[in-house]
Amino acid sequence: TVLHRNVPEAFWVPARAILTRQQSLRLEMCLKQCTECIESSYDGEDGLLLRLARHPRAADDAEHMEACVLALSTELALDQDEAKRRLGRDEKFMQFWSLLRTVEVKSQEEAAIARCLRARSRILADSQRLATQVSNAERGDVSWEAAREALEKVKWYRQLLGDCLGDRGGAAKMEACLKAVAEAWPNVQDVLPPHKQKRAQPQDAGPEPKKRKMGGKGKGGKGKAGKDPKSSEK
């Protein structure tokens, strides 16, 4: 699902695997001034290790952050500072956002990360709605952080989230899902879509009587076991 989509991070590469010895020496001298673009480390076996910190044609991470802040603040009627603070406290959002500087602008990777950022923003907005519904139902004060953790456990919600992000409708179903989660609070793991809800069995209904086996009868109602032994002697 879009909730658990992973975007690979930049990985460490031994410098000697891509550079000559002379190039490695020149790069070590330049790394002191270009740490923003390339990260370096040292390994006892592989020597100098390099990792991309910023793509030369990187996506604009600041632009993506501003778009998410504006969307969340508009959705929940929050000031932009509070919206940015909530996004910053969402660990998964920040992990995806930090990857933007390592991918090329207008690439498939940027589009995938942008979708994940929109998903996290939508989760934060729905978390606030869920927290408000639970609190209004006099089930105790619930923070948006607790509501977010609960929503991430609901499979039905995760399925609807992809439909909402893909502009495939589902707004009414999402509202029904949030209402069901609020009613089931705190046992949100039991929330299922309407077509998968188990039918309740009547408590006062006794066990179904066993059917008596009818042995010795054939297709016409009489079998060999039903014949008179005297008639066979004739």
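Colleague: What percentage of the 234 residues in the protein chain is buried?
Modeller: Buried residues make up 34% of the 234. Buried means under 20% relative accessible area, exposed means over 50%, and partly exposed lies in between, with a 1.4 Å probe and protein chains only. Bear in mind that this is a predicted model: local features need pLDDT of at least 70, side-chain atom pairs count only at pLDDT 80 or more, and totals for chains, interfaces and linings use all residues. Residues are numbered from 1 along each chain as its sequence is written, and side-chain values use heavy atoms, with hydrogens and water left out.

Colleague: Fine. How many helices and strands are there?
Modeller: Eight helices and three strands. Both are DSSP runs numbered from the N terminus: helices are H or I with at least four residues, strands are E with at least two. Along the sequence the pattern reads β-α-β-β-α-α-α-α-α-α-α.

Colleague: What order do the strands take in the sheet?
Modeller: The order is 1-3-2, in an open sheet with antiparallel pairing. Strand 1 (13-14) and strand 2 (38-43) are the edges, each pairing on one side only. Two strands pair if DSSP finds at least two bridges between them.

Colleague: And how many bridges join strand 2 and strand 3?
Modeller: Six, with strand 3 covering residues 47-52. Aspartate 43 sits opposite glycine 47 of strand 3.

Colleague: Switching to the core. Which residues have the most contacts inside the largest one?
Modeller: Leu130, Val154, Tyr157, Val181 and Trp185, in a nonpolar core of 24 residues. Such a core is a set of buried Ala, Val, Leu, Ile, Met, Phe, Trp, Tyr and Cys residues joined through side-chain atoms within 4.5 Å. Helix 5 (108-136), helix 6 (144-151), helix 7 (155-165) and helix 8 (171-184) each supply at least two of its residues. Helix 7 gives the most, with six.

Colleague: What does leucine 130 touch, neighbours within four places aside?
Modeller: Ala147, Leu151, Leu178, Val181, Ala182 and Trp185. Contact means heavy atoms within 4.5 Å. There is also a second, separate core of 20 residues, which includes Val69, Leu99, Leu124 and Trp144.

Colleague: Back to charges. How many salt bridges does the structure hold?
Modeller: It holds 14. One of them joins arginine 101 and aspartate 61 at 3.4 Å, N to O. Arginine 101 is in the loop between helix 4 (91-98) and helix 5, while aspartate 61 is in helix 2 (residues 61-76), 40 residues away.

Colleague: Is aspartate 61 buried or exposed?
Modeller: Aspartate 61 counts as buried, at 10% relative accessibility. Arginine 101 is partly exposed, at 27%.

Colleague: Which residue does aspartate 126 bridge to?
Modeller: Arginine 122, with the closest N and O atoms 2.9 Å apart. Aspartate 126 is buried at 0% relative accessibility, whereas arginine 122 is partly exposed at 24%. Elsewhere, salt bridges that share partners join Asp90, Lys92, Arg120, Arg148 and Glu152 into one network.

Note on methods: Salt bridge = Lys/Arg side-chain N within 4 Å of Asp/Glu carboxyl O.
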